[in-house]
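Please read them with the coordinates open.

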Amino acid sequence: MIPIEHIQFAAITLTGFLTLMLVFMLPMRGEGGQVYNRSRWIMVAGTALLPVQFLLQYTLHFRQMGVEPAVLVNLLFFIPTAWLLGLAILNLLRQNALRRQDWLVGLGCYVVVVVLLLGANPTGGYDVLAVTNRLYYAEVASAVVYAVMQFHYTAMLWREFRRVRHAINNYFDRERHGIIRWMRNSTALLSMAGLFAPMVIFWSGPLLIVYTLIIFFSISYTVVSFYSYGLDRHHLQALQQVERSMQEDEREKLAAGSVHGDSHELSDYDLQRVNAAVDRWLGKGGHLHGGITIQTAADEMHLPRYLFSAWLKTTRQGLFNPWLTYQRIEEAKRQLKAHPEWSNDTIAEHCGFNTRNYFQTTFKKLTGVTPQEFQVR
């Protein structure tokens, strides 16, 4: 079996490298830069605790003193790390709109853990790290607090993922879920490690190594993905566009007062107005242009975006991207029958799909058959 000292030394090297990678990353300027930079420093504050933790474990040999001393140190350092990594992702999703309670929940949980762990051996001449039943039960309680905290932030992040994914589908003309995919995956990995902590925190031997590797992989994936995300300015700008679009949509609704509450009901006048504008736009082939957004479409229809968005909710698709994709696929069906000599590249370009592969994948997803199979029906 791999000696624990080797694992600890490898952890110092890995987590130290990840932290330095974030620290020395060039500050980002321009659109989205402020949001990303703030998230970066929140993440640095979290990852910087890890090499310190493993250095203490490596030099002071807590694991050799017993399971309980090692667990105490792990909890004191890893809980704020998980809390700060979650906040860094949440800050990106919220575009610098973290609320005070977002910070206070994690801080409050950590204060409880510190009180439990450092107050476990207050009397009887025991050292703080002495192996006692009181320390054992304090660590179990702390692990439960950690799991509850992780569950809270996981639920919060998943709500944000749904909100942003809904907005993305209602803004772009094609699927752009890659904008938040790494955040979703990171949250799932970190949450799995946190929620299983009460069950595995006192393991030893091979099981402990497996759990440690899961934590290493989760943190490494989160940090490296975050770093790569910062190199792709298009994703950052797209996320900012979506957030700005949601805010503008809400302002337009409040200013116009034409949409009543959450019912998305339109007056007969508004319904006729939008139906006529949509029909004209489709008749002129507006939906066949690539790279359009809901704002572009609304401007070309001479409609307020909030009104067009409300009308979309009355359709079977409900959102801009699914609705526009349906219209493009219907046009593709017509062209496949009318022009059997056209290649899929030509059809894709004519119907507004950015690539042939995306057209073929989408066509089969919506119709159940490939374009070639549809032609020979």
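This is a predicted model: local features need pLDDT of at least 70, side-chain atom pairs count only at pLDDT 80 or more; totals for chains, interfaces and linings use all residues.

1. In helix 10, Tyr 229, Gly 230 and Leu 231 meet Arg 233, His 235, Leu 236 and Leu 239 of helix 11; contact here means heavy atoms within 4.5 Å. The residues of this contact divide into four nonpolar, two polar and one charged.

2. Residues are numbered from 1 along each chain as its sequence is written, and side-chain values use heavy atoms, with hydrogens and water left out.

3. Helix 10 (residues 206-231) and helix 11 (residues 233-256) pack at about 85°, and their axes are 5 Å apart. The two helices are therefore roughly perpendicular to each other, a label that covers 65 to 115 degrees. Axes are lines fitted to C-alpha atoms, for helices over the stretch in contact, with angles from 0 to 180 degrees between N-to-C directions. Helices are DSSP runs (H or I, at least four residues), numbered from the N terminus.

4. Ser 220 also lies in helix 10. Its relative accessibility is 15%, so Ser 220 counts as buried (under 20% relative accessible area; exposed is over 50%, partly exposed in between; 1.4 Å probe, protein chains only). Leaving aside neighbours within four places in sequence, Ser 220 is in contact with Leu 14 and Leu 18.

5. The largest nonpolar core has 97 residues, and Met 183, Phe 308 and Trp 323 have the most contacts inside it. Helix 5 (residues 67-94) gives the most to this core, with 19 residues. Apart from it lies another core, of twelve residues, among them Ile 329, Ala 332, Cys 351 and Phe 374. A nonpolar core is a set of buried Ala, Val, Leu, Ile, Met, Phe, Trp, Tyr and Cys residues joined through side-chain atoms within 4.5 Å.

6. Beyond its neighbours within four places in sequence, Met 183 is in contact with Ile 89, Leu 92, Leu 93, Phe 161, Tyr 229 and Leu 239.

7. The buried residues of helix 15 include Trp 323, Arg 328, Ile 329, Glu 331 and Ala 332. At 1.5 Å a residue, the 19 residues of helix 15 (residues 320-338) should span 27 Å, which agrees with the 27 Å between its end C-alpha atoms.

Key: The expected span of a helix is 1.5 Å times one less than its number of residues. Angles under 35 degrees count as roughly parallel, over 145 as roughly antiparallel, 65 to 115 as roughly perpendicular and the rest as oblique. Ala, Val, Leu, Ile, Met, Phe, Trp, Tyr, Cys and Pro count as nonpolar, Asp, Glu, Lys and Arg as charged, and the others, Gly among them, as polar.
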